[in-house]
Amino acid sequence: MTSQITVDKADEAPEPAPVPAPAKGLRGHPWLTLFAVAIGVMMVALDGTIVAIANPAIQKDLGATFADVQWITNGYFLALAVALITAGKLGDRFGHRQTFLIGVVGFAAASGAIGLSDSIALVVTFRVLQGLFGALLMPAALGLLRATFPAEKLNMAIGIWGMVIGASTAGGPILGGLLVQHVSWQSVFFINVPVGIIALVLGIVILRDHRAENAPKSFDVVGIVLLSAAMFCLVWALIKAPEWGWGAGMTWTFIVVSVVSFALFAVWESKVKEPLIPLALFRSVPLSAGVVLMVLMAIAFMGGLFFVTFYLQNVHGMSPVDSGLHLLPLTGMMIIGSPLAGAMITKMGPRIPLAGGMLCTAIAMYGMSTLEAGTGSGLMSIWFALLGLGLAPVMVGATEVIVGNAPMELSGVAGGLQQAAMQIGGSLGTAVLGAVMASKVDSDLPDNWADAKLPPLSEAQLDKAAEAVQVGVAPVPPKAPPSVADQITSVAHDTFMSGMGMACLVATGVAVVAVFVAFLTKRGDNAEAGAGVGHI
């Protein structure tokens, strides 16, 4: 069955074009290509977290509501998740170099426009455009790496690529805090303009276009519409579920529409001549396992990390910069571990490193479930470092498994699948673990409040207090005596910690499931199809 999606070089290209010696010049040089695409990828990964620090300043400056500010983040991730696979197909059709450069220019231009915006509506609009151009950029970067690097060096390249994403994601709060605190919230977006110009110049000089001989020649418009509708409804339901409620009719309406759209998409793809995603791709068990693994990893990582920022800032009272610095063990281990993981996967294959990485992630999430309001920085750092060490081989290995098990002409689609899986997993993790947290807080807060002999609250007051406690904030009334304020703070923080502990335990279970999924992966059958094929 897998033979339908593998590239047989003997049959497809009996007289392959001679592979150039890229090391003798700038254009097409593998390591310079990696450097060029890493600059662009860094912008997109950084913007996933850096903006969260700027949101309070944006809200105050533009007079936005809380719902408006949520859209600054949700609009970006929604556009990114919906467009990734289609954007990967565009790269396969028109060339990854062109798609990457358009993505860089559009992303930098949208960033500059946000900095110049004087209304929340314009900020949200340009954030959506940022997400769309980021979707063009990310799969194209993977497609370029796949086509440029020989098989024996691809894992190392993906390792460094994963390191850039991990470091940018984790470093966002630190850089964002510094910029907002010492410059302005606009600087968080303006910084992408010079970075984008550098990425554009490097891309024009260094990147070489690569297209497979049997690259798609047409567009599956119906498939694009169906998949986009399915992805939109799924991610939208996950974003809105905490507000609407998991049992609400609107939540399930969007979920049902998503499932129906996915089903129609699958039927259509089996009939169309040049499908957006050939279903035969998923006959590759390793590729399918890689996609599932990426979703599970993102659920555990993004969902768990979501609460850690509230824990550091609202329970420990740290500034955004300090909380970012406390996450340096996680960032540092990802930076160190990603290239090492790439070398390890090249030597022994992905199964053991992937399973070991998810096991480390499970242990780290279990350790984080034991944290208390007064836990010191030393113990926190151990669990954060172990989490970074566990995530590194998964970011690298799952990416290689997905991209390497897809044929060369679908490398962009495979890159889009990898990124879409991560976005869906992150949204799912935040939504599901958020629901676990809310349920635990709603269950524990009334008893904890009564046990502390605090003044009784009405049902409406209790609901409002629970909303505050879910993000680690103590609902202390303005004129409360110091002794009462201390008691409320103690109850709020203890209740938050019980909710966070339960959420981290669920994340632990997800990571344990991922350990077994990792054993279904294997080295990419088509990794050797790159390295100089189809230069233009």
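Is T251 buried or exposed? The residue counts as buried, because its relative accessibility is 0%. This report places that residue and several others within a predicted model.

## Confidence and overall composition

The structure is a predicted model. Its chain has a mean pLDDT of 80, with 89% of the residues reaching 70 or more. One comprises residues 1–23, for which the model has 30 contacts beyond four places in sequence. The other comprises residues 527–536, with 34 contacts beyond four places in sequence.

As to secondary structure, the chain has 18 helices and zero strands. Of its 536 residues, 54% are buried. Among contacts in the chain with a separation of 6 or more, 85% are accounted for by residues 24 or more positions apart. The chain exposes about 21,100 Å², and carbon and sulfur atoms supply 69% of that area.

## Packing of α14 against α18

Two packed helices are described by the angle between their axes and the distance between the axes. For helix α14 (residues 351–369) and helix α18 (residues 482–518), the axes come within 8 Å and cross at roughly 170°. Angles over 145 degrees count as roughly antiparallel, and α14 and α18 are therefore roughly antiparallel to each other.

The contact between these helices has 17 nonpolar, four polar and one charged residues. On the α14 side the residues are R351, L354, A355, M358, L359, T361, A362, M365, Y366, M368 and S369. They meet M500, G501, C504, L505, A507, T508, A511, V512, A514, V515 and A518 of α18.

T251 is found in helix α10, which spans residues 249–269. Once neighbours within four places in sequence are left aside, T251 is in contact with A237, A241, W244, G245 and W246.

Where does D220 lie? D220 is in the loop between α8 (192–206) and α9 (221–244). Despite this loop position, D220 is buried, because its relative accessible area is 4%. Beyond its neighbours within four places in sequence, D220 is in contact with W268, E269, V272, E274, P275 and L276.

W383 lies in helix α15 (residues 377–404). Its relative accessible area is 18%; the cut-off for a buried residue is under 20%, so W383 is classed as buried. With neighbours within four places in sequence set aside, its contacts are I363, A364, G367, M368, T370 and L371. One of them, M368, also belongs to the α14 residues that meet α18.

K440 is placed in helix α16 and counts as partly exposed at 24% relative accessibility. Leaving aside neighbours within four places in sequence, K440 is in contact with S498, G499 and M502. The C-alpha atoms of K440 and T495 are separated by 8.2 Å, while the two residues are 55 residues apart along the chain.

How exposed is K453? K453 counts as exposed, because its relative accessibility is 72%. Its place is in the loop between α16 (411–451) and α17 (459–469). The backbone of K453 has a phi near 55°, a positive value in a residue other than glycine.

Helix α17 contains Q461. This residue is partly exposed, with a relative accessible area of 44%. Q461 and P475 are 14 residues apart in sequence, and their C-alpha atoms are 9.8 Å apart in space.

How values were computed. Residues numbered from 1 in each chain as written. Predicted model: local features only at pLDDT ≥ 70, side-chain atom pairs only at ≥ 80, totals over all residues. Heavy atoms only, no water. pLDDT = per-residue confidence, 0-100. Contact = heavy atoms within 4.5 Å. Axes fitted to C-alpha atoms, helices over the stretch in contact; angles between N-to-C directions. Helix = DSSP H or I, 4+ residues; strand = E, 2+ residues; numbered from the N terminus. Parallel < 35°, antiparallel > 145°, perpendicular 65-115°, else oblique. Nonpolar A, V, L, I, M, F, W, Y, C, P; charged D, E, K, R; others polar. Buried < 20%, exposed > 50% of the residue type's maximum accessible area, 1.4 Å probe, protein only. Areas by Shrake-Rupley, 256 points an atom, 1.4 Å probe, with all protein chains shown as cover.
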